[in-house]
Amino acid sequence: MAEILIVDDSRTSRKILKEILVGAGYTIAGEALDGEDGYLKYKELKPDLVTLDITMPKLDGIEALQLIKKYDENARVVMITAAGQKEKMIQAIKHGAAEFISKPYEADDVKEVIAKVLNS
Amino acid sequence: MVSSIVGNYLVDHNLISMEQFGDLLKEQQKVRVKLGLIAVAEGLISQEEADKINRLQAVMDKRFGDIAVEKGFLTQGQVEALLKKQGNAYLAFAQALENQQLMSIEQLEQYMIDFQRDYNLTISDMEDLKSDDVDRILPLYMPADSDKYLNAVGTALRTILRCVDNNVYPERAYITKRCDADNGAIQFVEGEHNVTCAMIGKGQALLRTASIFGKEDFPEVNMDALDAIGELLNCINGLYATSLSQSGISMELYPPEFSDKISGIESEELLIIPLHIKGQKVEFAVAIDHKIKMEQEA
(Lines give C-alpha, C1' and ligand atoms only; values in the text may rest on other atoms or scores of the structure.)
Protein backbone atom coordinates (compact mmCIF):
# COMPACT_ATOMS: atom_id res chain seq x y z
CA MET A 1 0.00 0.00 0.00
CA ALA A 2 1.15 3.54 -0.71
CA GLU A 3 3.39 5.36 1.76
CA ILE A 4 2.40 8.87 2.78
CA LEU A 5 4.37 11.66 4.48
CA ILE A 6 2.30 14.04 6.63
CA VAL A 7 3.65 17.58 7.07
CA ASP A 8 1.73 19.74 9.54
CA ASP A 9 2.78 21.80 12.57
CA SER A 10 -0.38 20.80 14.47
CA ARG A 11 -0.19 17.54 16.40
CA THR A 12 -3.99 17.34 16.39
CA SER A 13 -4.19 17.73 12.64
CA ARG A 14 -1.44 15.14 12.03
CA LYS A 15 -3.10 12.67 14.40
CA ILE A 16 -6.58 12.94 12.85
CA LEU A 17 -5.23 12.72 9.30
CA LYS A 18 -3.01 9.77 10.25
CA GLU A 19 -5.99 7.88 11.72
CA ILE A 20 -8.03 8.41 8.55
CA LEU A 21 -5.18 7.32 6.28
CA VAL A 22 -4.19 4.27 8.35
CA GLY A 23 -7.89 3.34 8.54
CA ALA A 24 -7.97 3.45 4.73
CA GLY A 25 -5.02 1.06 4.58
CA TYR A 26 -2.19 3.47 3.79
CA THR A 27 1.22 3.40 5.50
CA ILE A 28 2.53 6.55 7.15
CA ALA A 29 6.10 6.94 5.92
CA GLY A 30 6.76 9.72 8.42
CA GLU A 31 5.62 12.99 9.92
CA ALA A 32 7.18 16.45 9.81
CA LEU A 33 6.35 19.53 11.88
CA ASP A 34 7.22 22.35 9.46
CA GLY A 35 7.97 22.94 5.80
CA GLU A 36 11.74 22.67 6.18
CA ASP A 37 11.51 19.37 8.06
CA GLY A 38 8.95 18.19 5.49
CA TYR A 39 11.32 18.88 2.58
CA LEU A 40 14.20 17.07 4.31
CA LYS A 41 11.99 14.08 5.19
CA TYR A 42 10.65 13.92 1.62
CA LYS A 43 14.22 13.57 0.32
CA GLU A 44 15.02 10.98 2.96
CA LEU A 45 11.85 8.86 2.81
CA LYS A 46 10.78 9.28 -0.82
CA PRO A 47 7.08 8.65 -0.07
CA ASP A 48 4.43 7.95 -2.72
CA LEU A 49 2.50 11.06 -1.64
CA VAL A 50 2.99 13.99 0.71
CA THR A 51 0.32 16.06 2.46
CA LEU A 52 1.45 19.64 3.13
CA ASP A 53 -0.37 22.01 5.46
CA ILE A 54 -0.33 25.52 4.00
CA THR A 55 -0.04 27.43 7.29
CA MET A 56 3.19 26.39 9.02
CA PRO A 57 6.15 28.08 10.74
CA LYS A 58 9.67 28.28 9.25
CA LEU A 59 8.80 27.30 5.66
CA ASP A 60 5.08 27.36 4.92
CA GLY A 61 3.36 24.81 2.71
CA ILE A 62 3.82 26.77 -0.52
CA GLU A 63 7.55 27.19 0.05
CA ALA A 64 7.94 23.51 0.94
CA LEU A 65 5.93 22.57 -2.19
CA GLN A 66 8.31 24.55 -4.38
CA LEU A 67 11.36 22.84 -2.87
CA ILE A 68 9.84 19.37 -3.15
CA LYS A 69 8.76 19.90 -6.78
CA LYS A 70 12.23 21.26 -7.63
CA TYR A 71 13.78 18.13 -6.13
CA ASP A 72 11.22 15.75 -7.67
CA GLU A 73 8.98 17.11 -10.40
CA ASN A 74 6.83 13.97 -10.22
CA ALA A 75 6.13 14.36 -6.50
CA ARG A 76 2.45 13.89 -5.64
CA VAL A 77 1.59 16.71 -3.26
CA VAL A 78 -1.80 17.27 -1.62
CA MET A 79 -2.19 20.62 0.12
CA ILE A 80 -4.07 20.86 3.43
CA THR A 81 -5.91 24.15 3.82
CA ALA A 82 -8.15 25.88 6.27
CA ALA A 83 -11.03 27.15 4.17
CA GLY A 84 -10.55 30.66 2.86
CA GLN A 85 -6.94 30.44 1.76
CA LYS A 86 -7.93 31.14 -1.83
CA GLU A 87 -4.79 33.02 -2.87
CA LYS A 88 -2.56 30.37 -1.34
CA MET A 89 -4.52 27.73 -3.24
CA ILE A 90 -3.92 29.56 -6.52
CA GLN A 91 -0.19 29.72 -5.73
CA ALA A 92 -0.19 26.02 -4.86
CA ILE A 93 -1.80 25.10 -8.20
CA LYS A 94 0.78 27.24 -9.98
CA HIS A 95 3.58 25.37 -8.23
CA GLY A 96 2.23 21.91 -9.04
CA ALA A 97 0.01 20.81 -6.15
CA ALA A 98 -2.14 17.88 -7.24
CA GLU A 99 -5.16 18.44 -4.98
CA PHE A 100 -6.50 20.10 -1.83
CA ILE A 101 -8.05 18.84 1.37
CA SER A 102 -9.94 21.28 3.61
CA LYS A 103 -9.94 21.34 7.41
CA PRO A 104 -11.75 20.22 9.47
CA TYR A 105 -11.23 16.82 7.87
CA GLU A 106 -14.11 14.82 6.45
CA ALA A 107 -12.86 11.22 6.30
CA ASP A 108 -14.63 10.40 3.03
CA ASP A 109 -13.24 13.50 1.30
CA VAL A 110 -9.73 12.70 2.48
CA LYS A 111 -9.90 9.11 1.22
CA GLU A 112 -11.38 10.18 -2.12
CA VAL A 113 -8.74 12.85 -2.78
CA ILE A 114 -5.80 10.65 -1.76
CA ALA A 115 -7.02 7.74 -3.89
CA LYS A 116 -7.58 10.05 -6.86
CA VAL A 117 -4.08 11.53 -6.66
CA LEU A 118 -2.38 8.16 -6.15
CA ASN A 119 -4.25 6.75 -9.16
CA SER A 120 -3.43 9.70 -11.42
CA MET B 1 -29.04 26.70 20.80
CA VAL B 2 -32.40 28.07 22.01
CA SER B 3 -33.03 24.85 23.97
CA SER B 4 -29.78 25.36 25.90
CA ILE B 5 -30.56 29.02 26.58
CA VAL B 6 -34.11 28.32 27.77
CA GLY B 7 -33.20 25.09 29.58
CA ASN B 8 -30.38 26.71 31.54
CA TYR B 9 -32.69 29.59 32.48
CA LEU B 10 -35.19 27.06 33.86
CA VAL B 11 -32.40 25.26 35.76
CA ASP B 12 -31.02 28.54 37.18
CA HIS B 13 -34.52 29.36 38.48
CA ASN B 14 -34.97 25.88 40.01
CA LEU B 15 -37.88 25.10 37.69
CA ILE B 16 -36.23 21.92 36.40
CA SER B 17 -33.17 20.01 37.62
CA MET B 18 -29.94 19.64 35.66
CA GLU B 19 -30.69 15.94 35.28
CA GLN B 20 -34.16 16.67 33.88
CA PHE B 21 -32.59 19.19 31.50
CA GLY B 22 -30.21 16.50 30.20
CA ASP B 23 -33.17 14.16 29.64
CA LEU B 24 -35.09 16.92 27.85
CA LEU B 25 -32.26 17.52 25.37
CA LYS B 26 -32.31 13.80 24.51
CA GLU B 27 -36.13 13.69 24.34
CA GLN B 28 -36.13 16.75 22.10
CA GLN B 29 -34.27 14.82 19.38
CA LYS B 30 -37.12 12.29 19.20
CA VAL B 31 -40.27 14.36 19.66
CA ARG B 32 -42.75 15.26 16.99
CA VAL B 33 -44.14 18.64 17.92
CA LYS B 34 -47.93 18.56 18.11
CA LEU B 35 -49.87 21.15 16.16
CA GLY B 36 -51.88 22.04 19.27
CA LEU B 37 -48.76 22.97 21.21
CA ILE B 38 -47.60 25.25 18.40
CA ALA B 39 -51.03 26.87 18.16
CA VAL B 40 -51.01 27.60 21.92
CA ALA B 41 -47.39 28.87 21.78
CA GLU B 42 -48.39 31.22 18.95
CA GLY B 43 -51.34 32.47 21.00
CA LEU B 44 -53.88 31.40 18.36
CA ILE B 45 -55.85 29.17 20.73
CA SER B 46 -55.88 28.59 24.48
CA GLN B 47 -54.71 25.41 26.20
CA GLU B 48 -58.35 24.62 26.98
CA GLU B 49 -59.28 24.86 23.30
CA ALA B 50 -56.32 22.66 22.36
CA ASP B 51 -57.43 20.09 24.95
CA LYS B 52 -60.97 20.20 23.54
CA ILE B 53 -59.69 19.54 20.00
CA ASN B 54 -57.53 16.69 21.36
CA ARG B 55 -60.63 15.11 22.97
CA LEU B 56 -62.55 15.45 19.70
CA GLN B 57 -59.62 13.90 17.85
CA ALA B 58 -60.02 10.76 19.97
CA VAL B 59 -63.57 10.26 18.70
CA MET B 60 -63.48 11.82 15.24
CA ASP B 61 -60.42 10.08 13.74
CA LYS B 62 -59.35 13.31 12.08
CA ARG B 63 -56.18 15.36 12.20
CA PHE B 64 -55.85 18.14 14.77
CA GLY B 65 -55.68 20.81 12.06
CA ASP B 66 -58.78 19.57 10.26
CA ILE B 67 -60.85 19.62 13.46
CA ALA B 68 -59.49 23.05 14.44
CA VAL B 69 -60.60 24.45 11.04
CA GLU B 70 -63.95 22.61 11.10
CA LYS B 71 -64.78 23.93 14.57
CA GLY B 72 -63.64 27.46 13.68
CA PHE B 73 -60.65 27.64 16.05
CA LEU B 74 -58.15 28.13 13.22
CA THR B 75 -58.20 29.02 9.53
CA GLN B 76 -56.68 26.73 6.89
CA GLY B 77 -53.94 29.34 6.34
CA GLN B 78 -53.09 29.32 10.04
CA VAL B 79 -52.86 25.53 10.08
CA GLU B 80 -50.49 25.58 7.10
CA ALA B 81 -48.30 28.20 8.81
CA LEU B 82 -48.25 26.13 12.02
CA LEU B 83 -47.24 22.97 10.15
CA LYS B 84 -44.16 24.79 8.84
CA LYS B 85 -43.05 25.40 12.43
CA GLN B 86 -43.03 21.74 13.45
CA GLY B 87 -39.23 21.47 13.07
CA ASN B 88 -38.56 24.47 15.32
CA ALA B 89 -36.13 23.67 18.19
CA TYR B 90 -37.89 25.88 20.77
CA LEU B 91 -41.19 24.14 20.11
CA ALA B 92 -39.51 20.73 20.18
CA PHE B 93 -38.09 21.64 23.60
CA ALA B 94 -41.54 22.79 24.75
CA GLN B 95 -43.02 19.51 23.51
CA ALA B 96 -40.33 17.56 25.41
CA LEU B 97 -41.21 19.54 28.58
CA GLU B 98 -44.85 18.55 28.11
CA ASN B 99 -44.04 14.93 27.30
CA GLN B 100 -41.94 14.68 30.47
CA GLN B 101 -44.87 16.28 32.35
CA LEU B 102 -42.62 19.04 33.68
CA MET B 103 -44.67 21.99 32.43
CA SER B 104 -47.23 22.95 29.79
CA ILE B 105 -46.50 25.29 26.90
CA GLU B 106 -48.61 27.93 28.65
CA GLN B 107 -46.45 27.69 31.78
CA LEU B 108 -43.30 27.83 29.67
CA GLU B 109 -44.58 30.93 27.89
CA GLN B 110 -45.15 32.57 31.29
CA TYR B 111 -41.52 31.87 32.23
CA MET B 112 -40.44 33.26 28.87
CA ILE B 113 -42.13 36.54 29.81
CA ASP B 114 -39.89 36.57 32.92
CA PHE B 115 -36.89 35.74 30.71
CA GLN B 116 -37.76 38.64 28.39
CA ARG B 117 -37.97 41.02 31.36
CA ASP B 118 -34.75 39.71 32.99
CA TYR B 119 -32.76 40.15 29.77
CA ASN B 120 -34.51 43.38 28.77
CA LEU B 121 -35.58 41.98 25.39
CA THR B 122 -38.31 43.14 23.01
CA ILE B 123 -41.05 40.96 21.54
CA SER B 124 -39.11 40.95 18.28
CA ASP B 125 -35.94 39.85 20.17
CA MET B 126 -37.92 36.96 21.63
CA GLU B 127 -39.00 35.91 18.13
CA ASP B 128 -35.33 35.96 17.10
CA LEU B 129 -34.44 33.82 20.11
CA LYS B 130 -37.18 31.27 19.42
CA SER B 131 -36.15 31.02 15.76
CA ASP B 132 -33.04 29.08 16.88
CA ASP B 133 -31.16 30.84 14.07
CA VAL B 134 -27.62 31.69 15.25
CA ASP B 135 -27.51 34.79 13.06
CA ARG B 136 -30.68 36.11 14.71
CA ILE B 137 -29.80 35.05 18.26
CA LEU B 138 -26.19 36.26 18.39
CA PRO B 139 -26.94 40.03 18.07
CA LEU B 140 -29.04 39.73 21.27
CA TYR B 141 -25.82 38.87 23.12
CA MET B 142 -23.58 41.51 21.55
CA PRO B 143 -22.88 44.92 23.12
CA ALA B 144 -23.87 48.16 21.37
CA ASP B 145 -21.68 49.30 18.47
CA SER B 146 -20.03 45.91 18.06
CA ASP B 147 -21.20 45.06 14.53
CA LYS B 148 -17.63 44.72 13.27
CA TYR B 149 -17.15 41.65 15.51
CA LEU B 150 -20.39 39.94 14.51
CA ASN B 151 -19.06 38.03 11.51
CA ALA B 152 -16.06 36.58 13.38
CA VAL B 153 -18.10 35.62 16.45
CA GLY B 154 -20.91 34.18 14.31
CA THR B 155 -18.41 32.02 12.41
CA ALA B 156 -16.93 30.80 15.70
CA LEU B 157 -20.33 29.94 17.15
CA ARG B 158 -21.50 28.09 14.03
CA THR B 159 -18.22 26.13 13.84
CA ILE B 160 -18.44 25.16 17.52
CA LEU B 161 -22.09 24.14 17.05
CA ARG B 162 -21.11 21.94 14.12
CA CYS B 163 -17.78 20.49 15.31
CA VAL B 164 -17.88 20.51 19.13
CA ASP B 165 -21.23 20.95 20.87
CA ASN B 166 -24.64 21.41 19.25
CA ASN B 167 -25.92 22.71 22.60
CA VAL B 168 -23.35 25.50 23.01
CA TYR B 169 -24.83 28.78 24.24
CA PRO B 170 -23.41 32.24 24.86
CA GLU B 171 -23.47 34.75 27.69
CA ARG B 172 -23.55 38.47 26.99
CA ALA B 173 -20.42 39.64 25.15
CA TYR B 174 -18.48 42.69 26.35
CA ILE B 175 -15.66 44.97 25.25
CA THR B 176 -12.58 45.11 27.46
CA LYS B 177 -8.80 45.48 27.35
CA ARG B 178 -7.87 42.30 29.20
CA CYS B 179 -9.30 39.02 30.40
CA ASP B 180 -7.99 36.59 33.02
CA ALA B 181 -7.18 33.05 31.91
CA ASP B 182 -4.84 30.20 32.77
CA ASN B 183 -4.38 28.77 29.28
CA GLY B 184 -5.48 29.22 25.70
CA ALA B 185 -4.64 29.66 22.04
CA ILE B 186 -4.57 32.66 19.70
CA GLN B 187 -4.35 33.07 15.95
CA PHE B 188 -3.48 36.15 13.94
CA VAL B 189 -5.16 36.76 10.59
CA GLU B 190 -3.67 39.48 8.37
CA GLY B 191 -5.51 41.37 5.66
CA GLU B 192 -7.48 44.53 5.02
CA HIS B 193 -8.26 44.37 8.73
CA ASN B 194 -5.85 42.55 11.03
CA VAL B 195 -7.85 40.19 13.20
CA THR B 196 -6.73 38.15 16.19
CA CYS B 197 -8.99 35.47 17.64
CA ALA B 198 -8.39 33.63 20.89
CA MET B 199 -9.99 30.88 22.87
CA ILE B 200 -9.04 30.89 26.54
CA GLY B 201 -10.12 29.27 29.78
CA LYS B 202 -9.44 28.89 33.46
CA GLY B 203 -8.21 25.63 34.96
CA GLN B 204 -9.61 22.71 32.98
CA ALA B 205 -12.39 24.68 31.23
CA LEU B 206 -11.00 24.01 27.72
CA LEU B 207 -10.58 20.26 28.31
CA ARG B 208 -13.84 19.01 26.82
CA THR B 209 -13.66 21.33 23.81
CA ALA B 210 -10.11 20.14 23.11
CA SER B 211 -11.00 16.47 23.60
CA ILE B 212 -14.04 16.59 21.31
CA PHE B 213 -12.42 18.62 18.55
CA GLY B 214 -9.10 16.76 18.83
CA LYS B 215 -10.88 13.37 18.95
CA GLU B 216 -8.69 12.38 21.91
CA ASP B 217 -9.25 12.08 25.66
CA PHE B 218 -6.69 14.51 27.01
CA PRO B 219 -5.98 13.98 30.74
CA GLU B 220 -5.72 17.73 31.37
CA VAL B 221 -5.38 21.02 29.52
CA ASN B 222 -1.77 20.43 28.45
CA MET B 223 0.04 21.62 25.34
CA ASP B 224 -1.41 18.79 23.24
CA ALA B 225 -4.95 19.80 24.24
CA LEU B 226 -4.13 23.43 23.45
CA ASP B 227 -2.82 22.37 20.04
CA ALA B 228 -6.36 21.06 19.42
CA ILE B 229 -7.80 24.43 20.50
CA GLY B 230 -5.36 26.11 18.10
CA GLU B 231 -6.61 23.86 15.29
CA LEU B 232 -10.20 24.76 16.15
CA LEU B 233 -9.27 28.45 15.84
CA ASN B 234 -7.58 27.66 12.52
CA CYS B 235 -10.82 26.15 11.19
CA ILE B 236 -12.90 29.07 12.51
CA ASN B 237 -10.56 31.62 10.95
CA GLY B 238 -10.42 29.73 7.67
CA LEU B 239 -14.20 29.94 7.41
CA TYR B 240 -14.12 33.58 8.53
CA ALA B 241 -11.58 34.33 5.77
CA THR B 242 -13.86 32.53 3.28
CA SER B 243 -16.78 34.78 4.17
CA LEU B 244 -14.57 37.87 3.79
CA SER B 245 -13.21 36.64 0.45
CA GLN B 246 -16.77 36.75 -0.90
CA SER B 247 -16.53 40.54 -0.43
CA GLY B 248 -13.17 40.57 -2.23
CA ILE B 249 -11.15 40.78 1.00
CA SER B 250 -8.09 38.54 1.12
CA MET B 251 -6.79 37.33 4.49
CA GLU B 252 -3.69 35.36 5.41
CA LEU B 253 -3.75 32.98 8.37
CA TYR B 254 -0.71 32.64 10.64
CA PRO B 255 0.01 29.47 12.62
CA PRO B 256 -1.90 29.43 15.95
CA GLU B 257 0.09 29.97 19.17
CA PHE B 258 -0.84 28.45 22.49
CA SER B 259 0.32 28.37 26.09
CA ASP B 260 -0.63 26.53 29.27
CA LYS B 261 0.96 29.16 31.53
CA ILE B 262 -0.72 32.51 31.05
CA SER B 263 -2.32 34.98 33.43
CA GLY B 264 -4.61 36.40 30.75
CA ILE B 265 -4.84 38.11 27.36
CA GLU B 266 -4.76 41.80 26.56
CA SER B 267 -5.32 44.16 23.67
CA GLU B 268 -6.21 47.79 23.00
CA GLU B 269 -9.79 46.69 22.44
CA LEU B 270 -11.05 43.17 22.83
CA LEU B 271 -14.49 41.61 22.47
CA ILE B 272 -15.05 38.71 24.83
CA ILE B 273 -17.99 36.33 24.47
CA PRO B 274 -18.27 33.65 27.18
CA LEU B 275 -19.48 30.35 25.73
CA HIS B 276 -20.84 27.36 27.60
CA ILE B 277 -19.48 24.30 25.84
CA LYS B 278 -20.33 20.85 27.25
CA GLY B 279 -20.91 22.31 30.71
CA GLN B 280 -17.67 24.32 30.77
CA LYS B 281 -17.43 28.09 30.45
CA VAL B 282 -14.72 29.26 28.06
CA GLU B 283 -14.07 32.66 26.48
CA PHE B 284 -13.82 33.39 22.77
CA ALA B 285 -12.05 36.69 22.09
CA VAL B 286 -11.69 38.84 18.98
CA ALA B 287 -9.61 41.95 18.37
CA ILE B 288 -9.90 43.84 15.09
CA ASP B 289 -7.02 46.07 14.01
CA HIS B 290 -5.30 45.33 17.30
CA LYS B 291 -3.22 42.31 18.25
CA ILE B 292 -4.05 40.13 21.23
CA LYS B 293 -1.12 39.32 23.47
CA MET B 294 -0.99 36.38 25.86
CA GLU B 295 0.40 37.51 29.22
CA GLN B 296 2.80 34.83 30.35
CA GLU B 297 2.45 33.74 33.96
CA ALA B 298 5.04 35.44 36.22
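Student: How many residues of domain 1 of chain B are in contact with domain 2 of chain B?

Tutor: Two residues are in contact if their C-beta atoms, placed from the backbone, lie within 7 Å. Here 11 residues of domain 1 of chain B are in contact with 7 residues of domain 2 of chain B. This is a predicted model, in which local features need pLDDT of at least 70, side-chain atom pairs count only at pLDDT 80 or more, and totals for chains, interfaces and linings use all residues. Residues are numbered from 1 along each chain as its sequence is written, while chains are lettered from A and ligands numbered from 1 in the order in which they are written.

Student: Which helix of chain B gives the largest share of the domain 1 side?

Tutor: Helices (H or I, at least four residues) and strands (E, at least two) are DSSP runs, numbered from the N terminus. Helix 1 of chain B gives the largest share of that side, 4 residues. By class, the side has 5 nonpolar, 3 polar and 3 charged residues. Nonpolar means Ala, Val, Leu, Ile, Met, Phe, Trp, Tyr, Cys and Pro; charged means Asp, Glu, Lys and Arg; the others, Gly among them, are polar.

Student: At what angle do helix 1 of chain A and helix 13 of chain B pack?

Tutor: Axes are lines fitted to C-alpha atoms, for helices over the stretch in contact, and angles run from 0 to 180 degrees between N-to-C directions. These two helices pack at about 85°, with their axes 7 Å apart. They are therefore roughly perpendicular (65 to 115 degrees).

Student: What span should helix 8 of chain B have?

Tutor: The expected span of a helix is 1.5 Å times one less than its number of residues. Helix 8 (residues 105-118) of chain B has 14 residues, so it should span 20 Å, and its end C-alpha atoms are 20 Å apart, which agrees. B:Asn120, with a positive phi near 55°, follows helix 8 of chain B.

Technical notes
Angles under 35 degrees count as roughly parallel, over 145 as roughly antiparallel, 65 to 115 as roughly perpendicular and the rest as oblique.
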